[in-house]
Amino acid sequence: MPETDQTPIYLDNHATTRVDPRVVAAMVPFLETHYGNAHSPTHYFGAEAREALESSRGKLAELLGAQPDEIVFTSGATESNNLALRGVIEHPRCRRGGVISVVTEHAAVLDPLRRLAKLGTPVTWLPVAPTTAPDCGVIDLQQLTDALDDSIGLVSVMWANNEIGVLQPLDEIGRLARAAGALVHCDATQAVGKLPINLARTPIDLLSCSAHKFHGPKGVGLLWVRSGTPRVKLEAQQLGGGHEAGRRSGTVNVPGIVGMATALELALTDLDQHQSHLRQLKQLMWSSLQEQLAAIQCEVELNGPSWERDDLRLPGNLNFRIVGIDGQTLLARLPWLALSSGAACSSIHPAPSHVLQALGLDNDQIRSSLRVGLSRFNTVDEIDRAVRAIVSTTRTLSAMR
Ligand SMILES: Cc1ncc(COP(=O)(O)O)c(C=O)c1O
C-alpha cells in the first residue's frame, strides 16, 4: 500500500540542518535594526555590531575550549579547509612541505590538496579499513606512523565522515603527528555540535566547522587556529581589509556569527539528551528496516562500522544498502522523503561515492546505498513512516525486476 500521508520528512541532516527557531530569533535584530558594520566601531551601529561579534567569538571559544583570538570567522567549512591547508603549506616560512590525509575526506579537503599536489606538494593518502572490518572506514594508526617522517608538515584528517558517519581516533592521530613534528588539521564539520569537544585538551592545531550543520545558518563557519608554540604560521588566502587579524579579509557576517554561537550553545547544552534521542531513532530505524525488509525477502546491509561497533559512528548517521534496489530510483518515487543516495555536497557530480568505493563496495552496492542523517527535530513517528515508505517502495521495485 503506498503511504497516504506525504507530509515531507527531512532525514538529510548531513547535507544541511533546519535552523533552530531560537537561532533565527537571535539573528533577526542584527538584520533588522543592529545592521552596522563591525569594522566601523566609531558610531553606535558599528559599535553594537562589534560588541555582538566579539561576544559571539567569546561564547564560541568557551564552548569549544578555545581562546577567542584563536577563532577566524569564515563563510563555512569549505573556506576554512582551504585556509587551513593552503594557508599552512603556502606560508613562506613553511619548512616541511609534505601532507598526509585520508582517501575518504570531503571534497573540500581533497580538492585543495589535489591542487597543492599539482603545484608540487607531496601528499600521502591513507586508506581506511574495508567493509568487511568491524571498524570499517577507520584509518590504520600504524600506516599513519609509517608515513610520518621529517618531511611531513601537516596531517589533515576529518573527525566524522559525512557519508558513513565513521569517527577517526583524533586524539591518537594528534599525538602521533605531533610527536613527529607535524601540525594537525581536522575537518570537524560533521562532528561539531554532535560530539563533546574541548580543544584545550585535543592534540590538534587547526579545526574547521560550519554553522549550517548544527542548526545554524548557511554561509558562516570558523577556522580554529591554535595559539602558542609551535606557532601555526598561516598565509591568508583572501586579501583585503586585513580583518580577522589579517587572516581572513572581508566584512564579517554578524547575523550569521550570532546565529552560529547561539546554535552551538543550543547543541551543546543538552548534548547527552540529543545524542540519546538520535541513537534511539537510529536503533529504531535500523531494526525496523531489517525486520520489515526481511518480511518481503529483501536483504539490507549496513555501510560503515559494524552494528557492534556503532560507537565508531555518529549518533545520527545510518548508511545502508538494500540489495538489488537502485537507491536513486527508490528516492525518485518518494520525493517527500529527504534522504541522500550519496554525499549531497557532491551530487552535482553524479559519480559513485568515493567514500563507499574506498570501503571496497562495487558499483551495484554503491548504487543501492542510502544515507540517513537524523537530527534532534526528528520523531519516532517520522522514522516509522519513512521505514514503511522505503519498504513498500522496495516491494514495488522488486516486483518489477
Ligand atoms: C565533512 C565536510 N566538510 C566540509 C563540508 C563543506 O561545508 P560548507 O558547506 O560549510 O562549505 C561539508 C559539507 O557537507 C562536510 O560534510
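Strand β9 is joined by 3 bridges to strand β10 (residues 317-322), and the two run antiparallel. One such link has Val-300 with Ile-322 of β10 as its bridge partner. Strands here are DSSP runs (E, at least two residues), numbered from the N terminus, and two strands pair if DSSP finds at least two bridges between them. The model is a predicted one, in which local features need pLDDT of at least 70 and side-chain atom pairs count only at pLDDT 80 or more, while totals for chains, interfaces and linings use all residues. Residues are numbered from 1 along each chain as its sequence is written, and side-chain values use heavy atoms, with hydrogens and water left out.

The pair belongs to an open sheet of 3 strands, ordered β9-β10-β12 with antiparallel pairing.

Turning to the cysteines, the count is 0 disulfides, a disulfide being a pair of cysteine sulfur atoms within 2.5 Å. For Cys-209, the closest cysteine sulfur is that of Cys-186 at 9.9 Å, too far for a bond. Cys-209 is buried, with a relative accessible area of 1%, and Cys-298 also counts as buried at 10% (buried means under 20% relative accessible area, exposed over 50%, partly exposed in between; 1.4 Å probe, protein chains only). By contrast, Tyr-44, found in helix α3 (residues 44-64), is exposed at 54%.

Conventions: Helices (H or I, at least four residues) and strands (E, at least two) are DSSP runs, numbered from the N terminus.
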